[in-house]
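Please keep the sequence and the model in view while going through the numbered points.

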Protein chains: 2
Amino acid sequence: VPAVYELFYWPGIQGRGEFVRLALEDAGAPYLDVARLSGRGRGMKAMFALMDGPGTRVPPLGPPFLRHGRFVLSQTANILLYLGPRLGLVGRSEPERLHAHQLQLTLADLVAEAHDTHHPIAVSLYYEDQKAEAHRRARHFVRERLPKFLGYFERVLVKNGGRYLVGRGHSYVDLSMFQILDGLAYGFPRALTRLERRIPRLLALAERVRARPRVVAYLASPRRMPWSDDDLFRAYPALDQLA
Amino acid sequence: VPAVYELFYWPGIQGRGEFVRLALEDAGAPYLDVARLSGRGRGMKAMFALMDGPGTRVPPLGPPFLRHGRFVLSQTANILLYLGPRLGLVGRSEPERLHAHQLQLTLADLVAEAHDTHHPIAVSLYYEDQKAEAHRRARHFVRERLPKFLGYFERVLVKNGGRYLVGRGHSYVDLSMFQILDGLAYGFPRALTRLERRIPRLLALAERVRARPRVVAYLASPRRMPWSDDDLFRAYPALDQLA
């Protein structure tokens, strides 16, 4: 098995690639963030070449995707399903792996809904061209969907003993939960503050993840890009309305 | 391993449960469609009891979910990931299973986008209360997203030899592709007709699936519910606009 993982994702944003990046970083795995590098076989051009290339058996519809040796795999949660056991970031049994994946897919649903608060009509349009619809969708997200999702994950966490979302130890699902709470703190600070009392265990989990030595080192490194308003979560105050 | 699979899904619609139902039916697997049955331990009440019950290790956020013995699993694509090898509906190697799952997750993305054409603002609102936004979102879906997704799957199919979407034989991904084309024919007949010339292989694949003996029997049975406008795909002509 080849040692180096190659991640392909849009440079400049955390996006969905960050869930994979965090897993690789937390595990201390050797990896290349290919589209952010320059030189032969690297950069955006290499990313597009692989997407459409004749050598790619099942092409991805889009980034992120992972290359490991000759194997190319896409869909964020699917990449983590593949990496989890290899990085020691999930339990060994099939039920536990599938339960971790169930939670990861539910986190992906939350991410998609958070994204659609600023793009409720089309990804091909600017936010400015769908602002009215965005405000309307965001109100429902903040009032209905966010409490529903976070309340669910709090229950899952409590049910599992309160320390880890799944299984008996740290997993990539905990890393992804941290990442989403970090994004929500950027994009929906008021909504998150209002929910704080209802998700104490989730917030404590996120702080434990943030304090993991490799996560600390990663977050302080230039490899971690700052949040920006080109990303999944955006600091548009008009979308972070409680009423 | 217990023999009987138990599917839990909203009665009355095909919805996301149908992807699981089709796999079980095509494989001729013994299963119970629990929420549609009556009697002790069946019906909607049993579904909700299982979702929130103390015995459910990792509760689902919502249906569909599968129970197999004591194992309860949710997220449609995840259920198919579990069932695929057990029903002989996917190849044996890890790369092939993960590639099948990649395609299934991309089909799930397409389904979510199709759903959001009639619910672009909130699932808690009626279509009538988000009609203007729905029309706008649907135009982009029909013009941009649908051609993008179907064009992608046509390319994947051609790349794999033209007969099956993944691997060397029939898989649950082919069944799901059939189901989506069937839903599109119900909800977006004009848009689908316009795309026909660009997806000849996909349409031929769907016809082969429709002619499989167990699929024929299933579609003719009362177990197959008709499409309706409470479902993922809805026959609202205003959303099926080409211009």
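1. The area buried between chain A and chain B is about 4,300 Å², and carbon and sulfur atoms give 57% of it. Buried area here is the accessible area, found with a 1.4 Å probe, that two parts lose on being put together, summed over both. The size of an interface is often given in this way, as the accessible area lost when the parts come together.

2. A word on the basis of these values is needed. This is a predicted model, in which local features need pLDDT of at least 70 and side-chain atom pairs count only at pLDDT 80 or more, whereas totals for chains, interfaces and linings use all residues. Residues are numbered from 1 along each chain as its sequence is written, chains are lettered from A and ligands numbered from 1 in the order in which they are written, and side-chain values use heavy atoms, with hydrogens and water left out.

3. Chain A brings 49 residues to the contact and chain B brings 49 residues, where contact means heavy atoms within 4.5 Å. Across this interface there are 31 residue pairs in polar contact, both residues being at pLDDT 80 or more. A polar contact is a pair of N or O atoms within 3.5 Å; within protein, one must be able to donate a hydrogen and the other to accept it, and residues adjacent in sequence count only if both atoms are side-chain atoms. On chain A, the elements β4 (71–74), α3 (76–86), α4 (94–118) and α5 (131–159) each supply at least two residues of the side that touches chain B. Helices (H or I, at least four residues) and strands (E, at least two) are DSSP runs, numbered from the N terminus.

4. The interface of chain A and chain B also holds six salt bridges, a salt bridge being a side-chain nitrogen of Lys or Arg within 4 Å of a carboxyl oxygen of Asp or Glu. One of them pairs Arg136(A) with Glu133(B), whose closest N and O atoms are 2.7 Å apart. Arg136(A) lies in helix α5 of chain A and Glu133(B) in helix α5 (residues 131–159) of chain B, so the pair joins two chains. Arg136(A) is partly exposed, at 21% relative accessible area, while Glu133(B) is buried, at 13%. Buried means under 20% relative accessible area, exposed over 50%, and partly exposed in between (1.4 Å probe, protein chains only).

5. Over all chains, the structure has 29 salt bridges. Arg224(A) and Glu18(A) form one, with closest N and O atoms 2.7 Å apart. Arg224(A) is in the segment after α9 (213–220) of chain A and Glu18(A) is in helix α1 of chain A, so this pair ties together parts 206 residues apart in sequence. Both residues, Arg224(A) and Glu18(A), are buried. They belong to a network of salt bridges that also links Arg21(A), Asp33(A), Arg36(A), Asp182(A), Glu207(A) and Arg210(A).

6. Which residue forms a salt bridge with Asp26(A)? The partner is Arg212(A), and the closest N and O atoms are 2.7 Å apart. Asp26(A) lies in helix α1 and Arg212(A) in the loop between α8 (200–210) and α9 of chain A, so the pair ties together parts that are 186 residues apart in sequence. Asp26(A) counts as buried, at 4% relative accessibility, whereas Arg212(A) counts as partly exposed, at 28%.
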